[in-house]
Amino acid sequence: MAAPLDLDQLQTFCAIADCGSFTEAAKRVYKTQSAVSMQIKRLEERLGQSLFTRDGRRVTLTTEGEGLYARARRMLKINAEIIDMFSEGDLAGNIRFGVPDDYAVKLLPVLLSSFQRTHPKITVDVSCQPSEVLLKGMREGRYDIIVFTQGTMHEFGELFRTERMFWVASHGGRALATDPMPLACGPNFCIWRADAVDALSRVNRDFRIVYTSSNAMAITSAVLSDLAVGFLPESALQPGMRVVGEEQRLPRLQDAQIALLRASHAYGGIYDALVKHITESMGNLPGSDRNGAEAAE
C-alpha cells in the first residue's frame with residue numbers, strides 16, 4: 001500500500017500555486033524559501049511529475065500540477081473539518097474579507113452585524129473593491145476570503161448565487177428617453193459593462209458612456225440623479241429606481257454570477273463559519289424581490 005501524501009507539502013504546493021512565487025509562498029507558510037523548495041522537490045519525486053513551470057521568478061502549474069491542485073485543496077478542507085470535530089471552545093480570530101461594493105451597499109452591514117452577534121470573538125476586516133482587484137489581492141495574499149463576480153475569472157471560485165441583472169433609470173427622469181442614451185457603468189475591465197455594451201450593440205440601441213466608476217454607490221447616484229441609465233444586480237436595486245426592459249428597447253442582460261474564493265489556508269474554524277453565514281444569508285435572498293425598486297410602467 002502506497003504511503004499517504006504529506007499534507008504539509010500539499011499546503012505549501014497550494015500556497016505556491018495561489019501566488020505564483022516560491023518566495024511569497026514561503027512567507028505564507030512560515031518557512032524558509034529553501035525549505036519550501038525542498039518540500040516541492042520531495043512532492044514531485046513522490047508523484048514522479050513536475051508540478052510547476054518556472055519562468056524567471058514566476059511559476060505556473062503544469063498540466064499535472066493543475067490536476068493535483070483541486071484535489072489537494074479538498075484534502076486540506078477535509079483535514080480542517082476533522083480538526084474542527086475534535087476542537088473545543090469558542091471560535092476566535094481575524095478574517096481578511098473582500099467583497100465588491102455592488103453587494104456591500106445593502107447586504108454587507110446586515111450580513112456582518114448578524115455574524116458578529118453569533119460569533120463575537122471573530123473579527124472581520126472588510127475591503128470593498130472591484131472583482132478584478134479582489135482577485136489580484138487574493139493572489140498577493142491580502143485576503144483570506146473574497147466574494148466576487150464570476151465571469152471575471154471563470155476558473156476560480158465556488159458559485160453560490162445567481163441574480164438577475166436589471167436596467168435601471170430614475171423614476172420620472174428623462175435619461176431613458178435621451179438619444180443617444182447616456183450610460184453609467186464600471187471601468188473597461190468590468191464584466192457587466194462588457195455584457196451591457198454587447199447587448200446594446202446587438203439591438204442597435206445608440207448609447208454613450210457618460211459616467212464611469214468602479215464604485216457602486218457612484219453608479220447608483222448617477223442613476224437616481226437622472227444623469228444616466230445603469231444596470232445593477234437584483235440585490236443592489238434601490239428605492240426610486242425604475243426597472244426597465246424590452247418595452248424600452250433594452251435587451252435582457254446575462255445573470256450576475258456571485259462566487260466565493262478562499263485562500264488555500266482558509267478552511268475550517270473561523271473561515272468555515274463566515275463562509276457558511278455568507279452563502280446561507282445571500283443564498284436565501286428571494287430571487288424575485290426587487291428590493292423597493294419600481295417597475296417600469
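Modeller: We take the sheet, then the helices.
This is a predicted model: local features need pLDDT of at least 70, side-chain atom pairs count only at pLDDT 80 or more, and totals for chains, interfaces and linings use all residues. Residues are numbered from 1 along each chain as its sequence is written, and side-chain values use heavy atoms, without hydrogens and water.

Biologist: In what order do the 5 strands of the open sheet lie?

Modeller: Strands (E, at least two residues) and helices (H or I, at least four) are DSSP runs, numbered from the N terminus. Two strands pair if DSSP finds at least two bridges between them. Here the order is S4-S3-S5-S12-S6, with mixed pairing. S4 (122-128) and S6 (158-163) each have a single partner strand, so one side of each lacks a neighbour in the sheet.

Biologist: How many bridges join S6 to S12?

Modeller: There are 5, and the two strands run antiparallel. Glu163 has Ala256 in S12 as its bridge partner.

Biologist: Which strands does helix H7 lie across?

Modeller: Contact means heavy atoms within 4.5 Å. H7 (residues 131-139) lies across S3, S4, S5 and S12.

Biologist: At what angle do the axes of H1 and H4 cross?

Modeller: Axes are lines fitted to C-alpha atoms, for helices over the stretch in contact; angles run from 0 to 180 degrees between N-to-C directions. The axes of H1 (residues 7-19) and H4 (residues 63-85) come within 9 Å and cross at roughly 125°. Residues in this contact include Leu10 and Phe13 of H1 and Leu68 and Ala72 of H4.
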